[in-house]
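Let's go through a few ring and packing details in this one. Have a look first, then we'll take it question by question.

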Amino acid sequence: MAKSTRPPIDPAALLRVSETLQSRFGSRFSMAEAVRRQHSSQLTWMPSQPPDAVVFAESTEEVAEIVRLCAANAVPVIAFGSGSSFEGHVNAPHGGICIDLGNMKRIIAVHAEDLDCVVQPGVTRTTLNEYLRDTGLFFPIDPGADASLGGMAATRASGTNAVRYGTMKDNVIALTAVLPNGDIVRTARRARKSSAGYDLTRLFVGSEGTLGIITELVLRLSPIPEAVAAAICPFPSVRAACDAVIATIQSALPVARIELLDEVTVGAVNRHSGLSLQESPLLLLEFHGTPDGVAEQSRRFGEIAEMFEGGPFEWSDKPEERSRLWKARHDAYWACVGLRPGARPIPTDVCVPISRLADCVEATKQDIQALGLIAPVVGHVGDGNFHVQPMVDMDNPAEVETVMQFVRRMVERAIAMDGTCTGEHGIGQEKQKYLPLEHGEETLALMRLIKRSLDPQNIMNPGKMLEYYA
C-alpha cells in the first residue's frame with residue numbers, strides 16, 4: 001500500500017484562519033518563529049517541523065472554537081501539552097495550527113471520598129500531587145518528566161509506579177474531548193465501572209491527538225501509603241538482575257517500583273547526581289504499605305536477590321534518602337547525555353512479557369557491545385518495559401544508519417517475543433513503521449476506519465500514528 005499524504009494547506013485558507021485567530025485571541029496567538037519552534041519536536045530522529053502558528057487556549061469552548069474554524073478551512077490542528085514526548089508527537093509535518101493547552105491548568109474538583117479528581121489537561125503530575133498533599137491521596141503515574149496530564153493521557157503514559165498502580169489507561173475514569181468537527185463529547189461519568197456502551201475513554205487514551213483533543217480528565221487517585229521504603233541491589237549482570245525481577249513478579253511480591261539501571265547508566269548517574277552506587281547492573285526498588293508490611297516485602301526481596309547473586313541489598317524508609325535516589329533515577333536521561341557531549345540522545349523503548357525480559361535485555365546489551373555503541377539501558381522492568389538511549393553523532397550518516405538498524409532489531413526482537421514496539425513512548429512519527437509488524441493489516445484497517453470516521457479531513461495531528469491513512 002502506498003503512503004497517503006494530505007493535500008497541501010490552501011494558503012488563502014491558512015490566512016483566513018490566522019487572521020481570525022489573531023483578531024479573536026490577540027496576544028494569545030503567535031506566528032513568531034521562536035514560539036513556533038518551541039512547539040515542535042526536538043527529541044527524535046525526525047527533523048523539527050514547526051506549525052504555522054500557535055494559539056494558547058484556556059477552556060474547552062475555546063478549543064472547540066479553534067477546531068471548528070480549522071475544520072471549516074481544512075487546516076491541520078496539533079495539540080501541545082508540555083512537549084516532553086520522544087517520538088515526534090507534536091511536530092507539524094503538514095503545517096497547521098498548534099493549540100497549546102498549557103494555560104488550561106485548573107484543578108476543577110477533588111472528590112476525596114470517591115478517590116478521584118477532575119482536572120484540565122495542562123495540569124502537570126507534580127502540580128496535582130502538591131495540591132493533593134493534605135488529602136492523603138496522590139496520583140501515582142510517574143513518567144519521569146513533569147508531563148502534562150492531558151499529554152500523558154494522549155500518549156497512554158506509564159512510569160516507575162506502573163507495576164503496582166497501572167498506566168494511564170487504568171487511571172483515567174472519564175474525559176472530555178473536542179472532536180475534529182468541533183463537537184464536545186464526554187466519554188463517561190465518574191462511576192468506577194459501567195457497561196453502558198462502547199469504552200470511548202480508552203479509545204481516546206493513547207490516541208495521540210489523532211482523534212480529538214482532550215480538554216478535561218477525571219482521574220483515579222490512590223491513598224498515600226502509610227510507609228514507604230526504597231532499596232538498591234547491585235547484580236553481577238543484567239541477566240541476573242532481570243531474572244530477580246521475574247522471580248519477584250512471579251512470586252506476587254507487591255513491589256511498587258522496580259527499576260533497572262545498567263552499569264553504564266549507574267556510572268552516569270553517580271557523576272551527575274553525586275552518588276556512589278556500585279557501578280554494575282542495579283535494581284532500584286520501592287515498597288508501599290504498613291511499616292511491618294514494608295519491612296517484610298524488603299526482607300523477601302533480599303532473599304530473592306541472593307538467589308541471583310545480588311547484593312549487598314540495602315533499604316531505607318528515610319524520606320530524604322528515598323527522594324535522593326528517585327531524583328537521580330528521574331535525572332538519568334540528562335545524566336546520560338553527559339556520556340558523549342555533542343551527540344544527540346535518541347531514547348526508545350520496548351516492552352515484552354515478563355518471562356522474556358531477561359532474554360530481551362541481554363540480547364539488546366550484546367548488540368550494543370558488538371556495535372560499540374554508547375547506549376545506556378534503564379527500565380520499568382516490573383512490567384517488562386525497558387528503554388535504551390543511544391548517543392548518536394547525527395552528522396555521521398554511517399553511525400545514524402547503524403543505530404537505526406540497532407533500534408529496528410530491538411523492536412523486531414521484542415515483537416517476536418510477543419511484545420510491543422513501545423511500552424510507553426507511543427508511536428508519533430518515528431514508530432509508525434513498526435505497526436504493521438506488531439498488529440497486522442486487519443487490525444490496522446480497523447484503526448484507519450475509526451480515524452476516517454471521526455476525522456474524514458485528516459486534520460487532527462496528521463502524519464502521526466497511522467502513516468497509511470487512505
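A quick note before we start: this is a predicted model, where local features need pLDDT of at least 70, side-chain atom pairs count only at pLDDT 80 or more, and totals for chains, interfaces and linings use all residues. Residues are numbered from 1 along each chain as its sequence is written, and side-chain values use heavy atoms, with hydrogens and water left out.

Q: What kind of aromatic pair do F138 and Y165 form?
A: Rings of Phe, Tyr and Trp (its six-membered ring) pair if their centres lie within 6.5 Å; planes under 30 degrees apart are stacked, over 60 edge-to-face, and the rest tilted. Here the centres are 5.6 Å apart and the planes make 85°. So by those cut-offs, the F138–Y165 pair is edge-to-face.

Q: Is Y165 buried or exposed?
A: Buried means under 20% relative accessible area, exposed over 50%, and partly exposed in between (1.4 Å probe, protein chains only). Y165 has 15% relative accessibility, so it counts as buried.

Q: Which ring does the charged end of R257 sit over?
A: The test is NZ of Lys or CZ of Arg within 6 Å of the ring centre and within 35 degrees of the ring normal. R24 lies over the face of F25 at 4.6 Å from the ring centre. For R257, at 4.3 Å from the centre, the ring is that of W326.

Q: Which residues does T265 touch, leaving out those up to four places away in sequence?
A: T265 is buried, with a relative accessible area of 0%. Contact means heavy atoms within 4.5 Å. That gives A332, C336, P376, V377 and V378.
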